[in-house]
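User: Can you walk me through the ligand site in this one? Keep it short.

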Amino acid sequence: MNQPASAYFIEDRHDPNETHTLAVLVQNEPGVLARVIGLFSGRGYNIESLTVSETEAQKHLSRITIVTTGTPMVIQQIKHQLDRMIPVYQVVDMTETRRSIERELAMVKVRGQGEHRVEALRLADAFRARVIDATTESFVFEITGNTDKINEFIDLMRPLGLVEVSRTGVAAIGRGPEGM
Amino acid sequence: MSDKSHDPNQMTGAAMIVRALIDHGVTDIFGYPGGAVLPIYDEIFQQSEVQHILVRHEQGAGHAAEGYARSTGKPGVALVTSGPGATNMVTPLTDALMDSIPLVCISGQVPTHLIGNDAFQECDTVGITRPCTKHNWLVRDVNELAKVLHEAFYVATTGRPGPVLVDVPKDVQFATGTYHPPRKSDVHRSYAPRVKGDATQIRKAVVLLANAKRPVIYSGGGVINSGPEATKLLRELVEVTGFPITSTLMGLGAYPASGKNWLGMLGMHGTYEANMTMHDCDVMLCVGARFDDRITGRVDAFSPNSKKIHIDIDPSSINKNIRVDVPIIGDCANILGDILQVFKAEAKKPDIKNWWQQIAQWRARNSLYYKKSNDVILPQHAIQSLFEATRGKDTYITTEVGQHQMWAAQFFGFEEPHRWMTSGGLGTMGYGLPAAVGVQVAHPDSLVIDIAGDASVQMTMQEMSTAVQYELPIKIFILNNQYMGMVRQWQQLLHGNRLSHSYSEALPDFVKLAEAYGGVGIQVHKPGDLDGAIKEMISVKRPVLFDCRVAALENCFPMIPSGKAHNEMLLPEQANDEATAKAFAGGKALV
Ligand SMILES: Cc1ncc(C[n+]2csc(CCOP(=O)(O)OP(=O)(O)O)c2C)c(N)n1
Ligand SMILES: [Mg+2]
């Protein structure tokens, strides 16, 4: 062990990282998103994806969905740290429940002619992507699905003239009749 | 037309602020005026229920409010102006967050229509203080102000206590609106700290405790924050179980230092017996402490063979640094009460005679040993003399940060909670003097002493002026080693004795400085004069700067060296150059 000149014990943690999707129900008030993001940056946690929108306007409730990675101990910390924020009602680890559906929407712009154009349309069909804008030399596809599916679609579009991608980030909800 | 002028709840925002302070039982606040808080100062001027202490720097207001809070158990209140007033509060807010001190800071802000325009003395106060408060608010509507102020007090003082800040634009202070007294609905429904511990977990804990062969109780600042009931129950638990007890820096006084089960403080500069007991124990009961890195040393070698029970009101403290076996979330007093009840009903005092014999052997190593001298005052000796001279007196101690702080923790015995105010988590030099101001405001007739270092004390020295103005007879007991001793110690141990910028050049003449402020200066060089000088200091009923010239090169031991475990402490008698070099080597060739 090569310890630097410090009275701290500086160690590497070797636990493997996991990816978790967290659903966070918050009071929709000024600064609430800044608090959540500040927590992640301030404590060195990762954000892979973050989406936020008001979900119950009368009650001023917003739902934030965060995809994050970390060791199991770090993931547990993230949940506790989120939960103790004053405007946070509830934190649900959608990954841990193993009963959640995750979706993302992407708009994918592809430019090309001839064979490429035909191929792009054919693939879009196979992925159930819809054409939401078209010119003689371009398409904008709308595709919904989990992150892997969208990544795959984008990869396929790349050689066919991919111009631009806009993604919403992940939204998640539990299966079955119960709410969160 | 309805006439609202007779409705007593109709008032300006500035008046609401003073009214809310009164409704929350606040009698003293610490502050500094400026353009953005003038309406509030105008209200303060026209009443006499809330006393305002004018500090000399906003950081002083924050630390004074911390000292006030920590010594009373009540929230401390600070009032500052916008811009620089608010930015000067960042250090005390962070300090209070780290040490879980209930603090309510009210800051002025530029008028709402100017927010975002880089107006004069504008800064994004809620943005800047978001990560250093438990919660903060910007109030844009005077009719929201009462609710926010009440919630602020509630959030600061409940659950894990902490600092909060309410930012009030000047136009909101001038505007008239409706005030209401505190009520339940003022608080976010999403904020509900857990108080009662889980019964199943409590049973599990009692089974572990009842069957322990080598137990230890490790308590922290949470016990003191929880209030007198927690302290009482902790003492009772020690009595009923017969277990040894140690504590963190923040927890000193919860169990009396004269108590027979007391092991002394643990951690980096804790006693050998406390750290060895932690390392070799089979059951550890952690009450209101958080396994900070200064406590654990090397985490993968921390108390490797013990089952750990952790009581904490903050779920995020659980399993943050150290994995525990039985977490119990809730208030210490509540949970200790439940544990005691179950223990008394179902268990009996375990026989741990062998364990105590082992502990006696560790104690016999006398890890706080130091060699007294007839020529020069040893800093440890100075603290011991101070302790002896204050025995039986109604004494409160604050400290700055450095070696003197650790010596104070090692050599001053605390019998009661709320008597020891130190910056533990943040380690803020400059904390002790203003904190002493705050403590003395809360306890005008008590003996309040800041155990200080020559470097730290210069960071907030200007608050001597506050002490003189308000006739607060605080005693600033400077262990003057003419060094930033703790920095020098690390440079000696870890950086090849290259003493980069740790010598206190051009120190002021503290006696003349005291006199310049209108206080009293005392200087002592000789061990033989020490007791007399301390006596004189105590008898003076004015602020005193006590320049205690101590051995310049003394270092603070015992110490857990870098990357080492609790059972690899460096003891004072071993701390010769060669052993020190070896202990700190740890695979590197730097020492
Ligand atoms: C505001 C601040 N700046 C820097 C430090 C780093 N630091 C820790 S102890 C210390 C030296 C303190 O010197 P002194 O007050 O003379 O105390 P001594 O260690 O000599 O007893 C320093 C610079 C700190 N803790 N706080
Ligand atoms: Mg010094």
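Analyst: Helices here are DSSP runs (H or I, at least four residues), numbered from the N terminus. This is a predicted model, with local features needing pLDDT of at least 70 and side-chain atom pairs counting only at pLDDT 80 or more. Residues are numbered from 1 along each chain as its sequence is written.

User: What polar side-chain atom lies 3.0 Å from an oxygen atom of ligand 1?

Analyst: One belonging to N481(B). For D454(B), a polar side-chain atom is 3.2 Å from a ligand oxygen. A polar backbone atom of A455(B) lies 3.0 Å from an oxygen atom of ligand 1.

User: How much of ligand 1 does the protein cover?

Analyst: The cover is 76% of the 590 Å² of accessible area that the ligand has on its own (Shrake-Rupley method, 1.4 Å probe).

User: Back to the helix. Why is α20 of chain B largely enclosed?

Analyst: Because 7 of the 10 residues of α20 (residues 485-494) of chain B are buried, meaning under 20% relative accessible area (1.4 Å probe, protein chains only). Among them are G485(B), M486(B) and R488(B).

User: And what follows α20(B)?

Analyst: G496(B), with a positive phi near 60°.

Definitions and conventions: Chains lettered and ligands numbered in written order. Heavy atoms only, no water. Buried < 20%, exposed > 50% of the residue type's maximum accessible area, 1.4 Å probe, protein only. Helix = DSSP H or I, 4+ residues; strand = E, 2+ residues; numbered from the N terminus. Polar contact = N/O pair within 3.5 Å; in protein donor to acceptor, adjacent residues only side chain to side chain.
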